[in-house]
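Work through the exercises below with the structure in view. Each task is followed by a solution in steps.

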Amino acid sequence: MAAISFLGDLLQSISDRGRGLIAFGRGDLAKASVAEVVKLCEDLISRRGEASGVALARIILDRYESFGPADRQDFLRRVALEFGADHAVVENAIAAYTKAPSRATLGRLHEAAEPRSQELIRRLNLARDGTIALVRMREDLFSLRDAARRAEKPDPVLAEAVDSLDSDFEHLFASWFNRGFLVLRRIDWTTPAHILEKIIRYEAVHAISGWDDLRRRIEPPDRRCFAFFHPALLDEPLIFVEVALTTGIASAIAPILANERQHTATREATTAIFYSISNCQKGLAGITFGNFLIKQVVEDLCREMPALKTFVTLSPVPGFRTWLDRERRADAPQGLTREDVETLRLLDQPDWHADKAKAETVRKALLPAAAYYFLRAKTARGKPVDPVARFHLGNGARLERLNFLGDVSPKGLSQGYGLMVNYLYDLAAIEKNHETYANLGTVSASLTVNRELRQNLPPARSVALAEA
């Protein structure tokens, strides 16, 4: 930590000295327009001096931070449209490579084809706290992308430019945030309060109601929380996981989150349940942290408690209700018989889940539909429709169990009619499961889940959904 602080102070010193080497100083900063800041970006990528570059990068980021939403979108729109590759230079490089293919001419072609926006992002990152500023900038880029897609008359040139700029961010972030730079830290009641506040704020699966609720999740000996951090974002968790140590696989979330519950002695625990995984930085979407996190946590837990034998999730099913409702309304529903469609009309009744008779009737039709959803329903790319399933199956987990009414909270009912699932991380089968999923699209599932699937159903059709 001291080394990081020293580096930050050094960068700040360079930045302060560099301000004296450029004409645009603090007094003009508050008045710079979007167009003027874009010109500063042009100046930044043309400079060779390190000190002046660091200072200029900080000026640009400071001014960008002071912009309102409209000016930020205008700035990003201009960068997307104006900081692409020089097509004439690319054509010359292609001609040179075609005429004399070699590693040297190929290298020049690669350099020519790189958008100037990539170099701009690299140089902005030179500024102190530049990395987190760029992560926030990408969040603004998502807003621009969404606005462009919702426009009455979409501009295909702008849409392509914005997607290209986003690819530049993702490409660079994938290098800057690779596993070698990530630091795993346990979050407990001794963790600094400002980080604990962020854990409360960033929890995305099961909301933390306050400090008492957080304490119940991280202080007892049968609870754990781990987070990945990056040296450039010391006090900003990237992703964190909450773990319950138990004597068996849980089928519902309420007992895990209960205010009053029986604690499990760590010497008796045989199962680690990953019941919440939250990505903290929206601007790092598309950068894979979760698979590294789970594997590292499993390794740490095994060292601490060798008696642990089972590693499993208790996961929500965020896309299930949308899929099921669409199939219930379809002329030719997938995964449902006509009898199932009629039975599932009970889902439209308030508090159906609180009536034991109605709930049991729904269960007999809903679980086979859920099995189809996981095992047969695919996106256009041949992947499972459910985003959480894509994540865990891609990491080598097995779909172990479907849990009817595993989450009867308003959120659980609204996103999955209360359905939760367990994904099992069998350490001896992770690599095999990952390979068959990645190469063949095969969903590894237990016999229990496969037996729920109805026979003689029509062939599955792909579903046009984003694979976030």
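Predicted model: local features only at pLDDT ≥ 70, side-chain atom pairs only at ≥ 80, totals over all residues.

**Exercise 1. A salt bridge at an interface**

Solution. 
Step 1. The cut-off for a salt bridge is 4 Å, so the pair qualifies.
Step 2. The domain assignment gives domain 1 as 9-177, domain 2 as 180-315 and domain 3 as 317-452.
Step 3. Across the interface of domain 1 and domain 2 the rule finds one salt bridge. Four residue pairs are in polar contact across this interface, both residues at pLDDT 80 or more.

**Exercise 2. The side of domain 1 that touches domain 2**

Task: State which helix gives the most residues to the side of domain 1 that touches domain 2, and describe that side by residue class.

Solution. 
Step 1. Helix H9 (130-150) and helix H10 (156-176) each supply at least two residues.
Step 2. H9 gives the most, with seven residues.
Step 3. By class, this side of domain 1 has seven nonpolar, two polar and four charged residues.

**Exercise 3. The extent of the contact**

Task: Describe the contact between domain 1 and domain 2 by distance, residues and area.

Solution. 
Step 1. The centres of domain 1 and domain 2, taken over C-alpha atoms, are separated by 36 Å.
Step 2. Domain 1 brings 13 residues to the contact, and domain 2 brings 16 residues.
Step 3. Interface size is often expressed as the accessible area lost when the parts come together. Between domain 1 and domain 2 about 1,200 Å² is buried, and carbon and sulfur atoms give 64% of that area.

**Exercise 4. Two annotated spans**

Task: Give the helix and strand content of residues 83-177 and of residues 180-426.

Solution. 
Step 1. An unreviewed UniProt entry annotates residues 83-177 as "domain: Malonyl-CoA decarboxylase N-terminal". This span is 79% helix and 0% strand, with its end C-alpha atoms 24 Å apart.
Step 2. The annotation "domain: Malonyl-CoA decarboxylase C-terminal", also from an unreviewed UniProt entry, covers residues 180-426. This span is 36% helix and 19% strand, and its end C-alpha atoms lie 25 Å apart.

**Exercise 5. A salt bridge within a helix**

Task: Work out how far apart Arg77 and Asp74 are in terms of helical turns.

Solution. 
Step 1. Arg77 and Asp74 form a salt bridge, their closest N and O atoms being 2.7 Å apart. The structure holds 31 salt bridges.
Step 2. Both residues are in helix H5 (residues 69-82), three residues apart, so about one helical turn separates them.

Notes
Residues numbered from 1 in each chain as written. Heavy atoms only, no water. UniProt positions renumbered as here; feature names shortened; annotations may be inferred. Helix = DSSP H or I, 4+ residues; strand = E, 2+ residues; numbered from the N terminus. Domains from an automatic or database assignment. Contact = heavy atoms within 4.5 Å. Buried area = accessible area lost by both parts, 1.4 Å probe. Salt bridge = Lys/Arg side-chain N within 4 Å of Asp/Glu carboxyl O. Polar contact = N/O pair within 3.5 Å; in protein donor to acceptor, adjacent residues only side chain to side chain. Nonpolar A, V, L, I, M, F, W, Y, C, P; charged D, E, K, R; others polar.
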